[in-house]
Amino acid sequence: MQIPTGTEPGVEGVVLKADVRDLDFYYGAFHALKKVSMPIHDHKVTALIGPSGCGKSTLLRCFNRMHDLYPGNRYAGGGIVLYPDNTNLLSPDVDPIEVRMRISMVFQKPNPFPKSIFENVAYSLRVRGMRNKNELDDRVEAALKEAALWNEVSGRLKELGANLSGGQQQRLCIARALASDPEIILFDEPTSALDPIATASIEELIIELKEKVTILIVTHNMQQAARISDFTAYMYLGEMIEFGVTDQIFIKPKKKATEDYITGRFG
Amino acid sequence: MTEHVSDRLSRKASRHVKERIIEFLLFGAAAFSVFITVAIVYVLVKESWVFFETVPLSDFLFDTQWTPLFDDAHYGIMVLLSGTLTSSGVALLVAIPLGTIIAIYLSEFAGFTVREVAKPFLELLGGVPTIVYGYFALTFITPLLQKFYPDLPGFNLLSAGLVMGIMIIPYVASLSEDAMRAVPMALREGSYAMGATRLQTALWVVTPAATSGIASAYILGISRAVGETMILAVAAGMQPNLTFNPTEPGATITSYIVQVALGDLPHGSIGYQTIFAAGLTLLLMTLAFNLLGYWLRKHYREVY
């Protein structure tokens, strides 16, 4: 099968990692996502922006089927096609656990497990049944290096993850997400609980990580989207208002609504 | 200063007095419980002192017989302690695994409806009078066990311990479940997002995060087992017997106290004084468990 490529000006030929097509989603009776469509380009950073309640986190949590954990949530039409499998992630035949093994996530507030630094990172490997001590050691070290945390924690891997500072904890959560070699990492406002210095180091890290994985990030901070993303999607009230290359969205938005939000006239 | 034109900001005497009365009542309620505790300890220590003036502490701790009512009297608390430890051990072997499994099921697997129906029933189990449990052990569990093990005596520590375990399950399960449910959803989501199953999340993330609460639940269960009286008095035989074999009859500290307190020993006799020494031992044991629980709570407290 030929994997589709980007259609926006300037990204013709960039391979897609996933494609959201006419996605409808309900929380009980509330229609949270309305016919949302957008492409996710391989090895790029895609940012979702929009005011609170616009559905950006809801869309993000569709990618790893987090909504399946709670009763009353309903995928009501359309889907998210993952490439190269060409499979709809939301299909009832798809096992959410298999999805989460390939699409990992970093949360708003750092949420290290009540375990040692080593075991936090090893968690996603143990979940996959890895028992070999040497292999675990190697993978944990590699993930901590990729998350730019190794130099700070190499001597105290047995300490509790919760003893680290906020920014370190978030990098620990990124290492945890990286350890299992995922294809996509979802970031749900990963810096909203951090100070500006920790935020800068996480942003730098996200830019580096796109060499390795495809990144989808929800952010409240428009400057952050402008700094780190290649593509930006602006959502409002459950609808996709505009999707495009980040520079175009921030410099020359096509829609009036996007321009109003970006320039701070609204939101 | 300008002249006052109104006294609307001045102190109101009636409000002040009311506040003081309420404060005094609240203080009185708190002081009452402290006073009762101190009074109990005082009585136990004072009466035990009389006992230990006659019986050396070394005999009390190391003698292997407990025969305070015989001419050749021996006062080895080990005998009663062995009954208490054996029956409690059996009870905890039932209550801790079952209680923990029930807690994990209710907190992590059961749907809303199941949980809301099951929890009151579970708590009802903890409300059954212990005398009922005692007769349940004597007239149902013991005959049942005798079908598989015909040599089992009619009174034995095993069936009393098993039923005591059933009685303790709700305490362990309910408190452990509360502790697990207090674990923030963010931790569970973190685990699921890494591709973990529900069982992996329950055992590897939720249970360790709830350790301090689960430990307190266990400690409460142990205290209940050590202090339980009626089931043992009815079903375990009240024969002082230095044994750790649950298939034998035996007396525990508590069942011995009941036996003597209800018997016709004259007050002030050395036989009567034994119950205070035994009671003090029991108090020290539960105190030790409470301190252990306190330490565990502090040491393993999770800051979410």
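Mentor: A residue counts as buried under 20% relative accessible area, as exposed over 50%, and as partly exposed in between. The model discussed here is a predicted one.

Trainee: Is Lys35(A) buried or exposed?

Mentor: Lys35(A) belongs to strand S2 of chain A, residues 30–41. The relative accessible area of Lys35(A) is 54%. The cut-off for exposed is over 50%, so Lys35(A) is exposed.

Trainee: What is the phi of Lys35(A) near?

Mentor: Most residues other than glycine have a negative phi. Lys35(A) is a residue other than glycine with a positive phi, near 45 degrees.

Trainee: Is the peptide bond from Tyr83(A) to Pro84(A) cis or trans?

Mentor: Most peptide bonds are trans. Pro84(A) sits in the loop of chain A between strand S4 (73–82) and strand S5 (87–88). Omega of the bond from Tyr83(A) to Pro84(A) is near 5 degrees, and the bond is cis.

Trainee: What is the radius of gyration of chain A?

Mentor: Chain A contains 10 helices and 10 strands. For 267 residues the globule rule gives 18 Å, and chain A is close to that, so chain A is as compact as a globular protein of that length; its radius of gyration is 18 Å.

Trainee: What share of the residues in chain A is buried?

Mentor: The C-alpha atoms of chain A fill a box of roughly 55 × 40 × 40 Å along the principal axes. Of the contacts in chain A between residues at least 6 apart in sequence, 66% join residues at least 24 apart. Of the 267 residues in chain A, the buried share is 55%.

Trainee: What radius of gyration does chain B have?

Mentor: Chain B has 12 helices and zero strands. The C-alpha trace of chain B spans about 90 × 65 × 35 Å along its principal axes. A compact globule of 304 residues would come out near 19 Å, but the radius of gyration of chain B is 26 Å.

Trainee: How many residues of domain 2 of chain B are in contact with domain 1 of chain B?

Mentor: Chain B is divided into domain 1, residues 13–54, and domain 2, residues 77–299. The centres of domain 1 and domain 2 of chain B, over C-alpha atoms, are 30 Å apart. On the domain 1 side of chain B, 10 residues make the contact, and on the domain 2 side the number is eight.

Trainee: How far apart do the centres of the positive and negative side chains of chain B lie?

Mentor: The counts for chain B are 17 positive and 21 negative side chains. In chain A, with 31 positive and 34 negative side chains, the two centres lie 4 Å apart. In chain B the distance between the two centres is 17 Å.

Technical notes. Residues are numbered from 1 along each chain as its sequence is written. Chains are lettered from A and ligands numbered from 1 in the order in which they are written. This is a predicted model: local features need pLDDT of at least 70, side-chain atom pairs count only at pLDDT 80 or more; totals for chains, interfaces and linings use all residues. Side-chain values use heavy atoms; hydrogens and water are left out. Helices (H or I, at least four residues) and strands (E, at least two) are DSSP runs, numbered from the N terminus. The radius of gyration is taken over C-alpha atoms; the globule rule is 2.2 Å times the number of residues to the power 0.38. Buried means under 20% relative accessible area, exposed over 50%, partly exposed in between (1.4 Å probe, protein chains only). Contact means heavy atoms within 4.5 Å. Lys and Arg count as positive and Asp and Glu as negative; His and the chain ends are not counted. The place of a charge is taken as NZ of Lys, CZ of Arg, CG of Asp or CD of Glu. Domain bounds come from an automatic or database domain assignment.
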